[in-house]
Amino acid sequence: MTSGDSTSTVSGSGSPRRSDATRGAILAAARERFAADGYERATIRAIARDANIDPSMVMRYYRNKEGLFAAAVAIDLRLPNLSGAHSRQDAGRILVEHFLDMWENNEVLTALLRVGVTNQAGAERMQGLLRDQLLPVTRQVCPDPEQVPTRAALLASQLLGLALTRYVLRMPPAVELARSEIVVWLAPTIQRYLTAPSP
């Protein structure tokens, strides 16, 4: 793929634009580079080389590394609706299974976690993700609205802790746990954080 691909489009309502392919190549390369090198060491030049384009094209689309990082780690957690009575009673299991699906099938989330534990920009993106998407879900089931931020933080501590040990650090005991074991161990704790009376 060359830099010229990004300036051409294919006419017709159903035809994908070449610029979309270029953007996709840039973002894929950026995710891999940010995950491998971290935010500070990853460079626009290296990402452009991985995507087989000129660095100026990266700057054209995303302006700077911060803009590229924000685009590369933009993610919708697609969190389930827990407002129904049955979902409220089973919220812990539902969320653990949902996040296991996300961690196992979405390399963007893993890349964000890797960067988030070593870099302020990554940490801020992770904080924003949890604030914007986890707080509303917690609010659906929390018995006390004033405790929503605290309960969401406790929820995140368990889910991110699991992800860090299983998918980033790859600690053998965490990696070796079967999915069903993780759900049995973790779901009651998540349920308590979300719905139990305040201690």
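**Close-up views of a predicted model**

**View 1. Arg63 sits in the loop between α3 (55-62) and α4 (65-72).** Helices here are DSSP runs (H or I, at least four residues), numbered from the N terminus. This is a predicted model, in which local features need pLDDT of at least 70, side-chain atom pairs count only at pLDDT 80 or more, and totals for chains, interfaces and linings use all residues. Residues are numbered from 1 along each chain as its sequence is written, and side-chain values use heavy atoms, with hydrogens and water left out. Although Arg63 is not a glycine, its phi is positive, about 70 degrees. Most residues other than glycine have a negative phi. Arg63 is exposed, at a relative accessible area of 69% (buried is under 20%, exposed over 50%, partly exposed in between, with a 1.4 Å probe and protein chains only).

**View 2. Arg78 is found in the loop between α4 and α5 (85-89).** Here too is a residue other than glycine with a positive phi, near 50 degrees. Arg78 is exposed, with a relative accessible area of 53%.

**View 3. Helix α6 (residues 91-105) packs with helix α7 (residues 107-116).** Their axes are 5 Å apart, at an angle of about 85 degrees; axes are lines fitted to C-alpha atoms over the stretch in contact, and angles run from 0 to 180 degrees between N-to-C directions. The two helices, α6 and α7, are therefore roughly perpendicular (65 to 115 degrees). Met102, Trp103 and Asn105 of α6 meet Glu107, Leu109, Thr110 and Leu113 of α7, where contact means heavy atoms within 4.5 Å. Of the residues in this contact of α6 with α7, four are nonpolar, two polar and one charged.

Terms used:
Angles under 35 degrees count as roughly parallel, over 145 as roughly antiparallel, 65 to 115 as roughly perpendicular and the rest as oblique. Ala, Val, Leu, Ile, Met, Phe, Trp, Tyr, Cys and Pro count as nonpolar, Asp, Glu, Lys and Arg as charged, and the others, Gly among them, as polar.
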